[in-house]
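Colleague: Please put the model on screen and take me through it. I will ask about single features and then about the chains.

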Amino acid sequence: MIQFLQGLFDGAALGAQYSLLVLGFVVIYRATGIINFAQGGLVLVGAFMTYNVSQTWGWNFYLALFVSMLVTAAIGVLMQRLLLQWVLRELVGVVSALLAWAVLFYNGWNQVAAFVAGLVLGLVSWVLTREIERRWGGGQARELPVFGSIMVTIGILFVIKQVVPSVWGFTESSMGDPWGLGVSRTAGLIFSHAKLWTLLLTALALAGFFCVDRFSRIGVAMRATHVDHEAAVANGISHRVVFATAFGIGGGMAALAGTTAAAGIAQLTPNLDLIVFLAFPAMILGGFDSPFGAVVGGLVVGIVQNLTKVYQPAWDLEWLGVGFDRVMVFLVMLVVLMVRPYGLFGTKEVHRV
Amino acid sequence: MTLMFCYFVLPLCWETFPFVRTIDSWGLTLTTLNYAGVFAIGALGLNLLTGYTGQVSLGHSVFVAVGAYATAYAGSTWNIPMWLWLPGAVTAGFLVGLVIGPFALRLRGNYLVVVTLGMVFVGDHLFRNWKSATGGNAGVSVSKASLEIGPLDFRNLSVFGQQFDKDQSFFWLIWGAVALVALLLKNIVRARPGRALQAIRDRDLAAEIIGVDLFRYKTMAFAISSAVAALAGALFGPLQGYISPIDFGLLVSIQYIAIIILGGLGTVHGSIIGALLLGGLPRIIEGLAKDVDLPAVAGDKGGIEGIVSISSLNHIIYGVLIAGFLLLEPRGVAGIWARVKAYFQTWPFSY
């Protein structure tokens, strides 16, 4: 019984992380219809950014977490504007920034100076392009087909996965969180501080999201865009702002998930994004476009995974192999899908010919 | 179109001897072409499934792995002759595809993508843990597999008085297989099944209404594509000599998708072009990095300390290529070819 409760608690903490990740996916999918495979990359960036700010620059951990969430949100927005809604301005800005950086760096400039100069040049060219577009009329923003967006985000994931270790190194490092390995023991159960804080922060983030979703204007705008894109645009809701916000929220969630996942001693590795692949079954379980489903799915997946890990040796199921808990999650997902092909809380797609 | 391509490929490799020397200087050795050939076979299968039937599958590497492990087991461990283990591997792939196929009936679009992703992980788990069949993490050697069909021994071929070495013999075997599979697929596509598959891709509900049996065609698409993938795996095993679970992960699946996107979804020659491109590109970059100082890349030339290594640069270029092609030319290289062809069809008067 104790084992079961312990497994439940640990599973819930794990599930909370998955819920955050899945919520990031779901928010983006609801508003834009894109499955953002690059969430894994954003998780990496968020975790390493927190590490950078708190360890390398020595700021307070929670402040570092907050900053990292903002920066990752900004990267998410940039990703959407630049690559998923191909707008000339952003393209020109980033390309010129990269070129300037490469050329200056190649010519012997200090790396950081070249980077900053590139950034400035990028901003300048972005503004210039915007003015030119306004003056002489611009082209339409091109958008990708659905399948295409999956591959573009996978492409971005690849790039991020390579750039992050190149900047921060391939070895494991410690995040420097204030929780470490502290535990509290009550009634025979072990409550790890990191897990408690994970649950707390996740609950806060989820509550925050639900408040925004229900009560704020942008939340209503996002729900409206999901229900009927064209009607929303016709009512004056700028779909650019909605898309950008969705990606920003997704990025922030990813940063928080990444930081809590990498808490503890020497947990921060460039392979952190693998946790995202277990968020997929959770997303399917809950339904692609339901935030409530995201929470439920994440918790279910976390608990199932942890209980499998606990009971596999206990019930003599070692022959199923190491890492069977991950497979179990996928099997559960498969079973649920066969019964409800759109997940537990997803909206059923109506196909019209 | 593909027939012409095949006719070009076969005489081209007749000149394998001097040809090797020229393309060697570009970094494209015969080994690279062999690996590209294996990728081409796999990509042909995936194009049938994703390009023509519209079932996006991220699980292609599992089918390739099935073929490779079947080869390792049957050909190497049990020492079965080639004319038995090759069809055996293909049949194994076919059966696995038959099992996976019905899932595509219940699941559409994004859900199918994620389920096939899950398949990759389940497969990975199986290959790492079913040690008796697959050798676990350490992998298994395939070098003892016999490569003889009748009088042709593909380890050192000697035909019509010409003696070929190992790489060249493999070239003949692999690219001969590419030609055969391309022919087979082109034939499927231009006939009734092909039209049914494309109908499913465009609007499966409407296809069902006009009488296309969804169960039959979707399952068949999966089965044939996985049989072809198993063939690719079966040839990959002896080529590399040693296979392990790292060779068949999510990365390989994504490489296959990248190949068909770059080459052109829904075309046969596109798969081959894409495979050549993505197979040759890392070698070309390596060769380039030896001679030219790329900015921000740690090259062999010494001097500039780069931020990214060569392999990282390869991955970055993969990602950029995928994203770039989808944004700028969604129909891939085959699309560019089609546009060039269309332009010249009405040249010089385009009206």
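Colleague: Which strand of chain A does strand β3 (residues 183-186) pair with, and in which sense?

Modeller: This is a predicted model, in which local features need pLDDT of at least 70, side-chain atom pairs count only at pLDDT 80 or more, and totals for chains, interfaces and linings use all residues. Residues are numbered from 1 along each chain as its sequence is written, chains are lettered from A and ligands numbered from 1 in the order in which they are written. Strands (E, at least two residues) and helices (H or I, at least four) are DSSP runs numbered from the N terminus, and two strands pair if DSSP finds at least two bridges between them. Over 4 bridges, β3 of chain A pairs in the antiparallel sense with strand β4 (residues 189-192) of chain A.

Colleague: In the hairpin of β3(A) and β4(A), which residue takes a positive phi?

Modeller: Across the pair, A:R185 stands opposite A:I190 in β4(A). The hairpin has 2 residues between the strands, and the positive phi, near 50°, belongs to A:A187.

Colleague: How many of the 23 residues of α10(A) are buried?

Modeller: Helix α10 of chain A covers residues 239-261 and reaches 32 Å from its first C-alpha to its last, close to the expected 33 Å. The expected span is 1.5 Å times one less than the number of residues. A residue is buried if 20 or more other C-beta atoms, placed from the backbone, lie within 10 Å of its own, exposed if 12 or fewer, and partly exposed in between. The helix is largely enclosed by the rest of the structure, because the buried residues number 20 of the 23.

Colleague: Which residue just after α2(A) takes a positive phi?

Modeller: Helix α2 of chain A, residues 39-56, reaches 24 Å, close to the 26 Å expected. It is mostly covered, with 15 of its 18 residues buried. Just after it, a positive phi of about 75° is taken by A:G58.

Colleague: Is B:L107 buried or exposed?

Modeller: B:L107 lies in the loop between α6 (103-106) and α7 (109-129) of chain B. Leaving aside neighbours within four places in sequence, its contacts (C-beta atoms within 7 Å) are A:L337, A:P341, B:L112 and B:V115. Because 20 other C-beta atoms lie within 10 Å, B:L107 is buried.

Colleague: What is the average pLDDT of chain B?

Modeller: pLDDT is the predictor's confidence in each residue, from 0 to 100. It stays under 50 over residues 14-27 of chain B and over residues 299-305 of chain B. At least 70 is scored by 77% of the residues in chain B, and the average is 79.

Colleague: What ipTM does the predictor give the complex?

Modeller: Chain A has 13 helices and 4 strands, and chain B has 16 helices and 6 strands. For the complex, the predictor gives a pTM of 0.81 and an ipTM of 0.74.

Note on methods. Two residues are in contact if their C-beta atoms, placed from the backbone, lie within 7 Å.
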